[in-house]
Amino acid sequence: MRLGYVLAVFAKEWRDLLSNRLLLGAVAFPALVFAAIPTGLVAFIQAHDLDPNQMGQIQQYIANFPNIPAKLAAQGFIVTNFMAYFLLIPAMVPMAIATQSVIGEKVARSLEPQLATPMEVPELLAGKTIAAALPAVTATWGVFVGYGLINGAIADPRLTRFVFSDVWLTAMATLVPLICLFSVLLGIVVSSRVGDPRTAQQIGGFVVLPIIAVAVAQFFGGQATFNMQQVLIGDLLVGGLIGLTLLIGSWAFDRESILTRLA
Amino acid sequence: MIVVDGLRKDFKKLTAVHDMSFTVGDGEIFGLLGPNGAGKTTTVRMLAGLISPTAGRATVNGHALGEGSQRIRAITGILTESPGLHEKLTARQNLAYYGRLYGMRGSQLRKAVDRYLGVVEMSEHADRRVIGFSKGMRQKVAIARALLHEPEVIYLDEPTSGLDPSAAKTVRDFVATLRSLGRSIVVCTHNLDEAERLCDRIGIMRGTLLRVDTPAGLRRHGREATVRIELNGARGPESFVDLMASLPFVTGAQVQPGALLVELADPPHETPDLVNSLVGAGARITSVREESATLEEVYLQLVGEIGERDVDR
């Protein structure tokens, strides 16, 4: 793998992405929404005294935070519970970028001239993968850091520690890039079978469903956040899915298959 | 130099190309003519190291297809059937991207981009996004892209498609310049007129090469060459019929009003003798010209598709 080729493709894709305001909005908007809702709730709780009746309704969740004031426990629950949705960003955004990129090339018939250069196919795909994954990883990490710091600043510094827990730092370092990679690969494979980005994203949408299911189950199960074991199982699961996608889409690394299927 | 020996390509049960054998010398423009689906693009894709042949061998400037494919791609410039540009990028950014993929960097890259934007007369549009370009402008940028890295071997698929006559001439002239620089050039086209003007030799193909010859050689294909001699004066053409019958190199003669149509096996060598004989017999000749089939007639005869509509002439 020659870095010069990967960087050339990455730079081209990045330039392409920066010119696509709609896609940029798709990167930034969900991340900001997922962070803004809980932060708003934390700020609301901070500004108002808690109603004991409302406290009763969330009592089971607050039990996750023993030995701290009920108000902080409620804020801690909200802050940590919403973090599962951060995993939606690496699932959704890279797929949107990858499908746009691959189908865009398909429509413009620009893959053949690139494949006619000395660049090898894995170098082309690596450049595309990094370009598709980097905005999502950056957005997720950026929002994660901002989320922890802002909630700590507007309410209680202990909220920052809840956010930057070992479990979530591990999830950010491992699970987020893995989900991004899976999302991109799935986007490439699905794009080969359909003609427009919207259909590809709809088909690829099932990546998002398990994450939503986990977040909802977590909420109704009364569990405030993941534990390390769940994160590591998630890593293995997504790693397995990446392997499976590579197996199914192994043709995607063959120049001739790309030419006959995509170009 | 391109040497092709028995090249074949199967796509599952479909044989796209078989028994392809030809050579293209340094400084030669070789035309591939054929109807849609004749295998021109498949042939070029194999020779450009994009797809592997099912059977057969080929070398491009000494590099064999297969193990040498990456090296072949490095020394090859290809103009694909569709320009295939990145629409959100400017013309300059498109060329710079491909320059980097061909290993060019820094001032070498900048100079090459500027030079080829100039060659295709696109300098003033260099910093405009391709998305706003006409078909002809896109074609020009794609041509610049194919030539940017000074390739030793060049494949051009319909190089003047979408270009106005002036731009088409510029491109043809530039391709002729590349020939004089010793490059091996393969031109795929439906445009018979262009093939005739541009190519040193033409291969007519339909799944395989049906015939390879110079444009003049192809025009003479399958028939005796006919020389038309226009006469003026008191003695009409019918008075020379006996003379024609007595000349050993004349294989046939017809009389037309004011003209003789004489069939010869080798017009370049036999026409002067024919003219001498006629003048010696008192003929007053006003013009002599060789009449041969058009390339279109030969093409249609070879591919067996007279009346087909996809011949773009």
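**Strands, helices and a chain contact**

User: Which residues are on the covered face of strand S13 (residues 259-264) of chain B, and which are on the uncovered one?

Analyst: The covered face of strand S13 (residues 259-264) of chain B holds Leu260(B), Val262(B) and Leu264(B), while Ala259(B), Leu261(B) and Glu263(B) are on the uncovered face. In a regular strand the side chains alternate between the two faces of the sheet. Strands here are DSSP runs of E with at least two residues, helices are runs of H or I with at least four, and both are numbered from the N terminus. This is a predicted model, in which local features need pLDDT of at least 70 and side-chain atom pairs count only at pLDDT 80 or more, while totals for chains, interfaces and linings use all residues. Residues are numbered from 1 along each chain as its sequence is written, and chains are lettered from A and ligands numbered from 1 in the order in which they are written.

User: Ok, and how many bridges join strand S11 (residues 225-231) of chain B to S13(B)?

Analyst: There are six, and the two strands run antiparallel; in one of these bridges, Ile229(B) has Leu260(B) of S13(B) as its partner. Two strands count as paired if DSSP finds at least two bridges between them. Strand S12 (residues 250-256) of chain B also pairs with S13(B), in the antiparallel sense and over six bridges, and there Gln256(B) stands opposite Ala259(B).

User: What do S12(B) and S13(B) form?

Analyst: S12(B) and S13(B) form a hairpin with two residues between them, and Gly258(B) in the turn has a positive phi of about 75°.

User: Where are positive phi values found in residues other than glycine?

Analyst: Two such residues are Asn61(B), with phi near 50°, and Glu158(B), also with phi near 50°. Most residues other than glycine have a negative phi, and most peptide bonds are trans. Asn61(B) lies in the loop between strand S4 (55-60) and strand S5 (63-64) of chain B, whereas Glu158(B) is found in the loop between S7 and H6 of chain B.

User: Is Glu158(B) buried or exposed?

Analyst: Glu158(B) counts as buried because it has 20 C-beta neighbours inside 10 Å, whereas Asn61(B), with 16, counts as partly exposed. The rule is that a residue is buried if 20 or more other C-beta atoms lie within 10 Å of its own, exposed if 12 or fewer, and partly exposed in between, with C-beta atoms placed from the backbone.

User: Switching to chain A: how many helices and strands are there?

Analyst: Chain A has 14 helices and zero strands, and buried residues make up 44% of its 263 residues. Its mean pLDDT, the predictor's confidence in each residue from 0 to 100, is 81, and 82% of its residues reach 70 or more.

User: Where in chain A is confidence lowest?

Analyst: In chain A, confidence is lowest in helix H3 (residues 52-57), at a mean of 58, and highest in helix H7 (residues 111-115), at 91. Where pLDDT is low, the predicted coordinates should not be read in detail.

User: At what angle do helix H2 (residues 21-47) and helix H8 (residues 121-154) of chain A cross?

Analyst: The axes of H2(A) and H8(A) come within 10 Å and cross at roughly 10°, and the two helices are therefore roughly parallel to each other. Axes are lines fitted to C-alpha atoms, for helices over the stretch in contact, and angles run from 0 to 180 degrees between N-to-C directions. Angles under 35 degrees count as roughly parallel, over 145 as roughly antiparallel, 65 to 115 as roughly perpendicular and the rest as oblique.

User: Which residues make the contact?

Analyst: Among them are Ala28(A), Ala31(A) and Ala35(A) of H2(A), and Ala136(A), Ala139(A) and Val143(A) of H8(A). By class, this contact has 13 nonpolar, five polar and no charged residues. Ala, Val, Leu, Ile, Met, Phe, Trp, Tyr, Cys and Pro count as nonpolar, Asp, Glu, Lys and Arg as charged, and the others, Gly among them, as polar.

User: Last one: how many residues of chain A are in contact with chain B?

Analyst: 21 residues of chain A are in contact with 24 residues of chain B, where contact needs C-beta atoms, placed from the backbone, to lie within 7 Å. Helix H1 (3-18), H7 and helix H14 (255-261) of chain A each give two or more residues to this side, and H1(A) gives the most, with five.

Key:
Contact = placed C-beta atoms within 7 Å.
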